[in-house]
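Visitor: I would like to learn how to read a model of this kind, feature by feature. Could you take me through it?

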Amino acid sequence: MISPALGLPATPAPLVPEVRRLAVLRANGLGDYVVAEPALAALRHAYPDAEVTLLGAGHHAALLDGRRSPVDRVVTVPLMPGIRVGPDPDASEDEVEAWCAEQRAHGYDLAVQMHGGGRNSNALLLRLGARVTVGSATPDAPRPDRWVPYWPYQHDTIRWLEVAAAAGGTPRRVEPRVEVRDEDLVASHAVVPSGDAPLLVVHPGATDARRCYPEERLGAVAQDLADRGARVVVVGGPGDAARVERVVAGMREEPETAVGTLDLPALIGLLSRASVMLGNDSGPRHLAGAVGTPTVAVFTYANLADVAPLTRVWHRVLVSWHGGCQKCGLRVLEGWCGHEESATHDVPEDEVREAARDLWDQAMVALT
């Protein structure tokens, strides 16, 4: 474990000498990449001449390919319990070992775990053959060479900045950044053409249905902002069609919709054009914040602690302090009931409307 004096994000540990190749294990969602981006940036600054590899997922490659970021290349981690989940079967042990052998052959000088408490992820990290390993660790997890304690209810951005500090990286900012390219804007205009009215982008989905605020209420809030001059565009992936329809049903006026028609570059371009984004705790909300767009979103008490925006000037956060399934009441930290129902339904619509009005009016003043 690093010393207490070096455990603070503002006080980095000594740099690892002669780092030419650096790997970071972070193989979860898009939003998870975004909240860790300040820590990745701290490592990039600490080791400016090193090749930085993100050991992640396919959607990370789609996000970062051709985009300036702290990452030089993305290597997809195999599906395996406790590391990376997906619709396909987990990789066999032979497949995992073959992947680890490829990583060992690449010759990492420094490998950093920013994936979790380390019960599974540190075991994988230690198989990569890096000269020095760094990561977080629960009391029962394998220990890297340098480690910081993993405890619940800490914000992920701060958590991973502490890990970056243990690797020698000086924290420089807490706000994530994702570059918006000209091609992102072009792609977004092909789906949502330019217009004179300021854009409100509504995204009603989330990976976990418990994080989805009731869609008709999102529609009612969107209608309120439409009455204040917003051009409303409701967006979602192919699996969000029913949610988008329910948002539309909550509005008096027919909004524009884009369901399954925005690839990742087009989504980033559209979010960057929006005056405000309205939705849930989701990857698109994290991307909106990272491209500089104000956001209004509803969170459960659990996700408030680890991934909600750290600042409030341009972000409004509504919280379900109970966070229980709308059907059975089981709270999100008590287990998975399988009902696929909202656990943020107890947040009053009026509170969301008030927050959205406040931020919208602030954004309109900034446009003048």
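The dialogue below goes from a helix to the cores, then to single residues and the cysteines.

Guide: Keep in mind throughout that this is a predicted model.

Visitor: How far apart are the end C-alpha atoms of helix H12, and what span should its residues give?

Guide: Helix H12 takes in residues 349-367, and at 1.5 Å a residue its 19 residues should span 27 Å; the end C-alpha atoms are 27 Å apart, which agrees.

Visitor: Which residues of H12 are buried, and which exposed residues are on the face turned away from them?

Guide: The general idea is that an α-helix has 3.6 residues a turn, so residues three or four places apart point the same way. In H12 the buried residues are Val352, Arg353, Ala355, Ala356, Leu359, Trp360 and Ala363. Seen down the helix axis, the buried residues of H12 fall within an arc of 165°, so they line one face. The face turned away from that buried side carries the exposed residues Asp350, Glu354 and Val365.

Visitor: Which residues of the largest nonpolar core touch the most other members?

Guide: In soluble globular proteins, nonpolar side chains tend to be buried together. Here the largest nonpolar core has 52 residues, and those that touch the most other members are Leu22, Leu63, Leu110, Val112, Met114 and Leu287. Helix H1 (residues 30-46) gives the most to this core, contributing nine residues. A second, separate core is made of 27 residues, including Val202, Val296, Val347 and Ala355.

Visitor: With which residues is Val112 in contact, leaving aside its neighbours within four places in sequence?

Guide: On those terms Val112 is in contact with Leu22, Ala23, Val24, Leu25, Leu43, Leu125, Val134, Val163 and Ala167. Leu22 also turns up among the contacts of Val52, together with Arg44, Pro70, Val71, Asp72 and Arg73, when neighbours within four places in sequence are again left aside. Val52 belongs to strand E2 (residues 51-56) and, at 2% relative accessibility, counts as buried.

Visitor: Is Arg67, in the loop between helix H2 and strand E3, buried or exposed?

Guide: A residue counts as buried when its relative accessible area is under 20%, and Arg67 is at 6%, so it is buried. The loop that holds Arg67 runs between helix H2 (58-64) and strand E3 (73-76). The side chain of Arg67 reaches the backbone oxygen of Leu63 at 2.7 Å. Beyond residues up to four places away in sequence, Arg67 touches Val178, Glu179, Val180, Arg181, Asp184, Pro265 and Ile268.

Visitor: How many residues of helix H10 are buried?

Guide: Helix H10 (residues 283-290) has eight of its eight residues buried, among them Arg285 and His286. Just after H10, Gly292 takes a positive phi of about 95°.

Visitor: How many disulfides does a search of the whole structure find?

Guide: The search finds zero. For Cys325 the nearest cysteine sulfur, that of Cys337, is 3.7 Å away, whereas a disulfide needs the two sulfur atoms within 2.5 Å. Cys325 counts as buried at 4% relative accessibility, and Cys100 is buried too, with a relative accessible area of 0%.

Definitions and conventions:
Residues are numbered from 1 along each chain as its sequence is written. This is a predicted model: local features need pLDDT of at least 70, side-chain atom pairs count only at pLDDT 80 or more; totals for chains, interfaces and linings use all residues. Side-chain values use heavy atoms; hydrogens and water are left out. Helices (H or I, at least four residues) and strands (E, at least two) are DSSP runs, numbered from the N terminus. The expected span of a helix is 1.5 Å times one less than its number of residues. Buried means under 20% relative accessible area, exposed over 50%, partly exposed in between (1.4 Å probe, protein chains only). The arc is that of the directions from the helix axis to the C-beta atoms. A nonpolar core is a set of buried Ala, Val, Leu, Ile, Met, Phe, Trp, Tyr and Cys residues joined through side-chain atoms within 4.5 Å. Contact means heavy atoms within 4.5 Å. A polar contact is a pair of N or O atoms within 3.5 Å; within protein, one must be able to donate a hydrogen and the other to accept it, and residues adjacent in sequence count only if both atoms are side-chain atoms.
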